[in-house]
Amino acid sequence: RMTDLASTATVHYVHVLTAPSKTFVVGYTNFRDFDGTSCFNLIKGFVATYYDGEAPLVRPTVGSPELDLRLDTENEELKKKLGALPALRCAVGTSYTMAVQYGRWLLSRELFDAFGCASPECCSVIESLSLEETAKMTAALKARKLKPFAHLMTTSAEAAKSVPKKYQVERPILLTQVSCQSRYYMPKVERNVCGNWLIGLGTRPTLDELSSESWASKFYTGLIEHIESFSGNAAWSFINQTVYGMSGYRANPRKIFWFNNYGLRSMHEGAGGVTYHWAPTYSVATYFLVCCVCVDGRMCITISSSVVPQGELQKAVEHMKKMLIESAGGEALTTSEARIGLKAASFAAKLRRRTERSCAKLRRSSFAAATFGGAAL
């Protein structure tokens with residue numbers, strides 16, 4: 001019962017609401033134990049359990065040929081660079097930056113927020129493209145030889161620039177994440193395993209640079225190079241998190257532009273078309289959070305902010321969707337069609353805020369919402 005879970009849940013908390021045409025599954029997950037991609041896997045496992053009658057194994061399991069995940073000792077780059085000296089450098093560098101960054105904000109509102117105190121309101125908006133719109137956009141990007149990562153980053157930055165100047169951060173701290181599960185661990189299995197696999201990578205661009213396709217493409221190329229060669233920020237962040245348990249979250253959250261592209265994911269085919277949305281709750285809210293994931297061929301978008309108010313954020317998301325559709329040679333929805341989507345988004349936002357208030361023990365958490373078309377679960 002949800003009334004019982006509201007006072008006892010410390011790891012995972014779920015609301016399920018059914019309607020004649022849709023089912024909403026809203027999950028809250030402890031951010032200290034599970035990263036954003038694991039939230040997807042938990043919801044995916046929930047849906048699979050409903051249809052198959054048996055819960056899939058999604059946690060690392062010692063002795064299991066598929067789920068006993070350990071560092072890839074056959075990876076020569078990893079073995080060569082994951083030594084005592086890099087770990088020492090990382091310890092010294094992280095200690096210094098933590099002291100400087102947090103020290104200068106010792107009495108700031110942002111530092112109190114980061115440690116789980118009450119934060120300003122966090123607004124969220126969810127949107128999605130249709131199967132046809134997503135397919136056209138993907139084909140158009142492929143023809144231009146432009147990566148979806150770069151395109152989604154630039155359009156989301158344009159969305160951030162579309163709000164009034166007083167709600168903009170001209171030179172935000174860019175944070176993006178990559179999963180280490182399939183890169184640095186063995187055995188190589190599908191990314192269905194829950195845990196804390198994501199590491200944060202980023203830099204300090206301007207909003208104009210973020211909205212530039214050439215800059216975003218160059219950033220993405222460097223990102224992949226560092227991941228594949230276990231170098232640069234990728235190596236630094238991995239050591240920080242794996243050895244010292246430090247996520248690298250040492251920046252003012254109200255200045256962070258948090259961009260996630262989870263790529264291609266799938267849900268149980270019996271669900272009949274799922275849209276999925278993820279964002280952190282208020283305790284780790286940022287200036288601009290963008291989460292994009294393509295679920296069963298449908299692009300799903302979530303944008304949240306603790307700086308931009310709800311009405312302006314809604315307009316920004318509409319602007320981003322319009323740019324994505326037009327980039328595929330299509331036309332944006334009519335006003336009446338858009339209003340239907342706004343009602344669904346408003347309902348999900350109200351549900352998120354209501355559950356946030358009742359889920360006191362999951363102070364630093366993230367919410368994941370999945371909606372199912374067709375018959376209700």
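This is a predicted model: local features need pLDDT of at least 70, side-chain atom pairs count only at pLDDT 80 or more; totals for chains, interfaces and linings use all residues.
Let's start with the helices. Helix H7 covers residues 148-161 and helix H12 covers residues 310-327; they pack at an angle of about 140 degrees, and their axes are 8 Å apart. That angle makes H7 oblique to H12, since only angles over 145 degrees would count as roughly antiparallel. As for handedness, the crossing of H7 and H12 is right-handed.

So who touches whom? On the H7 side you'll find His151, Leu152, Thr155, Ser156, Glu158 and Ala159, and they meet Ala316, His319, Met320, Met323, Leu324 and Ser327 of H12. Sort the residues in that contact by class and you get six nonpolar, five polar and one charged.

Okay, on to the rings. There are 16 aromatic pairs in the structure. Take phenylalanine 40 and tyrosine 276: they sit edge-to-face, 4.8 Å centre to centre, with 80 degrees between the planes. Phenylalanine 40 is in helix H2 and tyrosine 276 is in strand S9, so this pair ties together parts that are 236 residues apart in sequence. Phenylalanine 40 counts as buried, at 1% relative accessibility, and tyrosine 276 is buried too, at 0%.

Here's another edge-to-face pair: tryptophan 258 and tryptophan 278, 5.7 Å centre to centre, again with 80 degrees between the planes. Tryptophan 258 lies in strand S8 and tryptophan 278 in S9, so the parts tied together here are 20 residues apart in sequence.

Last stop: Phe149, Trp215, Phe219, Tyr220 and Phe259 form one aromatic cluster. Thanks, everyone!

Notes. Residues are numbered from 1 along each chain as its sequence is written. Side-chain values use heavy atoms; hydrogens and water are left out. Axes are lines fitted to C-alpha atoms, for helices over the stretch in contact, and angles run from 0 to 180 degrees between N-to-C directions. Helices (H or I, at least four residues) and strands (E, at least two) are DSSP runs, numbered from the N terminus. Angles under 35 degrees count as roughly parallel, over 145 as roughly antiparallel, 65 to 115 as roughly perpendicular and the rest as oblique. A crossing is left-handed if the near helix is turned anticlockwise from the far one by less than a right angle, and right-handed if clockwise. Contact means heavy atoms within 4.5 Å. Ala, Val, Leu, Ile, Met, Phe, Trp, Tyr, Cys and Pro count as nonpolar, Asp, Glu, Lys and Arg as charged, and the others, Gly among them, as polar. Rings of Phe, Tyr and Trp (its six-membered ring) pair if their centres lie within 6.5 Å; planes under 30 degrees apart count as stacked, over 60 as edge-to-face and the rest as tilted. Buried means under 20% relative accessible area, exposed over 50%, partly exposed in between (1.4 Å probe, protein chains only).
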